[in-house]
Amino acid sequence: MKYSSTRNAATAVDLSHALVAGLAADGGLYVPKALPTFTPQDFAADESLPAIATRLLQPFFSGDALADELAAICTQAFDFPAPLKALPVAQTHVLELFHGPTAAFKDFGARFLAACMQRLHAVGPAPLTILVATSGDTGAAVAAAFHGLPGLRVVVLYPDGRVSPRQAHQLGCFGGNVRALRVAGSFDDCQRLVKQALSDRELQACVPLSSANSISLGRLLPQMAYYASASIGHWRRTGTPLDFVIPTGNLGNALAAILARACGLPLGEIALATNANRVLPEFFAGADYSPQASVATLANAMDVGAPSNFERLRWLYPDADALRKAFKARAVDDEAIRATIRRGPSRYAEVFCPHTACAVRVLEDLREAGATGHWAVVATAHPAKFEQIVEPLVGHALTPPAALADLLKRPAHAEALAADYPALADVLLGKS
C-alpha cells in the first residue's frame, strides 16, 4: 500500500514515511492509494478489538516496515474496551469511547500512533518532536501516550481559557518530555501554527517534527477499528447495518467511520453532529464550504471553524453533490446541549458529556423526522471531564474514572504563548 497527498495523486510514499512526516510536503494530507474491501465474514475468526483492528489494518500496512509489528501494535494500543451499550430507548445504543487513560476517544489513536513511532524512531542526538494542537482532548491523549518514551518529545498547543479546567489540568500535568503551551487565541490559531511548523523545511532541518493531530494517518486509521468492532458485533446479532451519529469538530473521528463504511463494513447511515460552529452543517445544506472563525461553546473540543479532514472527505467524494447526499450534518446550540444533558438521566439513564449530548440531540431530531433502524450515539468523552457544565444540570457530583482521578492529583503547569509563528519557532528551537 502506498500513500499520496490529497493535493497530488502522483505522490507515492510508504506508510512509515507518512506517519513520521505527518503532513505531505505540498501541505496536503496523506491518503491511501486504494481502499481495501471487506465483508463481515472476513472477521469471523476475530472477537477482540485488537484482533479486529489487526485484520482491518493489515492491507494499510502491507509492504511497510511496520507490517510484521501490526498485531503487537494493536495489542499494545487497544488495551481498554470500546463497548456498544444498549440504551433504554428502542433501537438506540451508545458506543462508549471514553474508557482509556485520559477518558476520551482520542486515546485510541494516540496510543496507536505512539506504538508506531516508538518502533520507527531510532533514539539519536535530536529527539523527534510530536507537535499537536488540541481543542481539549487530543493533547492529553497524546501526552499520555508518548510520556516517557525515549527519543520522543511532545509539544501541545491549546487555546487558553477555552478548554475545561480538568482538560487544562491534564494537558499540563505530565512534564518530562511533554511541554504544554497555552496559546492566546482559538483552536484554529493552534492548528494554523502546527501546520506552519510542519511545512517549514528550514525549521525541520534543525528540529525533526511530526504531528499527532487527526491529520496524521497514525491517528485516523486505528479509529476505524472501533467502528468495525461495533458494527460487526451488531451485524452478528441482527444481520443489519448499524447507523451512527458522531460528534465532530475536526472531522477525524467521523472520517474514520466514513472510511470504514467505504471499505465495506456494515455501517449504515452516518450523521454528523456539530456544536454552534456550523461550517459543516451549512455545507451539507447546500452552501459552499467556507471556513469561519470558531466560536466558543459548551462542547469545546468541537470548537473548530476550519476542519482539517474536510480535505480528505473531498478526496473520497470529489463530487460535492454526491457528498451532500451521502451524509447528514446538524448543528446543536448550547441551550440544546444543556437541555439534553439535563434530561439524560431520566430518558436514557445516562449522564452525557456536552459533545455526546450534541449527538444525542441530533438523533432525537432524526427520529422525529422519521428515521428508523438501530442507531448508535458515539460517546467521545467521560462527563466528569466537564464537571462544571454537567454537574449543575444533573444535580449531583460526578465521580471521575480512576485513571482521570490519578492525573488530577498531579501538579500541572502550562506556559503562555502568543498566537504567532515566530514565538512557536523559538520554543521548538529551544530559544524560549
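**Labels and cut-offs**

Modeller: Arginine 179 counts as partly exposed, at 21% relative accessibility. The model is predicted, so local features need pLDDT of at least 70 and side-chain atom pairs pLDDT 80 or more, while totals for chains, interfaces and linings use all residues. Residues are numbered from 1 along each chain as its sequence is written, and side-chain values use heavy atoms, without hydrogens and water.

Biologist: Why is arginine 179 called partly exposed?

Modeller: Buried means under 20% relative accessible area, exposed means over 50%, and partly exposed is in between (1.4 Å probe, protein chains only). Arginine 179 has 21%, so partly exposed is the label.

Biologist: How do you know that glutamate 415 and arginine 179 form a salt bridge?

Modeller: The term requires a side-chain nitrogen of Lys or Arg within 4 Å of a carboxyl oxygen of Asp or Glu. In this pair the N to O distance is 2.8 Å, so the pair qualifies. Glutamate 415 lies in strand S14 (residues 415–417) and arginine 179 in strand S8, so the bridge ties together parts 236 residues apart in sequence. Helices (H or I, at least four residues) and strands (E, at least two) are DSSP runs, numbered from the N terminus. Glutamate 415 is partly exposed, at 27%. Elsewhere, salt bridges with shared partners join Lys85, Glu96 and Glu350 into one network.

Biologist: What makes lysine 85 and glutamate 350 a salt bridge?

Modeller: Their closest N and O atoms are 2.5 Å apart, and that is within the 4 Å limit. The pair links distant parts of the chain, 265 residues apart: lysine 85 is in strand S4 (residues 84–86), and glutamate 350 is in the loop between helix H14 (334–348) and helix H15 (354–368). Lysine 85 is partly exposed, at 35%, whereas glutamate 350 is buried, at 14%.

Biologist: How many salt bridges does the whole structure hold?

Modeller: The search finds 21. Among them is arginine 182 with aspartate 160, where the closest N and O atoms are 3.2 Å apart. Arginine 182 lies in strand S8 (residues 178–183) and aspartate 160 in the loop between strand S7 (152–159) and helix H6 (165–172), so this bridge joins parts 22 residues apart in sequence.

Biologist: Why is the pair of tyrosine 289 and phenylalanine 310 called stacked?

Modeller: The structure holds 14 aromatic pairs. In this one the ring centres are 3.8 Å apart and the planes lie at 10°, so the pair is stacked. Rings of Phe, Tyr and Trp (its six-membered ring) pair if their centres lie within 6.5 Å; planes under 30 degrees apart are stacked, over 60 edge-to-face, and the rest tilted. Tyrosine 289 is partly exposed, at 26%, and phenylalanine 310 is buried, at 5%.

Biologist: What makes tyrosine 348 and phenylalanine 352 edge-to-face?

Modeller: Their planes are at 70° and their centres 5.7 Å apart, so the pair is over the 60 degree mark and within 6.5 Å. Both residues are buried.

Biologist: How do you know that helix H5 is largely enclosed?

Modeller: Eight of the nine residues of H5 (residues 138–146) are buried, so the rest of the structure largely encloses this helix. The elements covering those buried residues include helix H4 (106–120), strand S6 (128–133) and helix H9 (217–238).

Definitions and conventions: Contact = heavy atoms within 4.5 Å.
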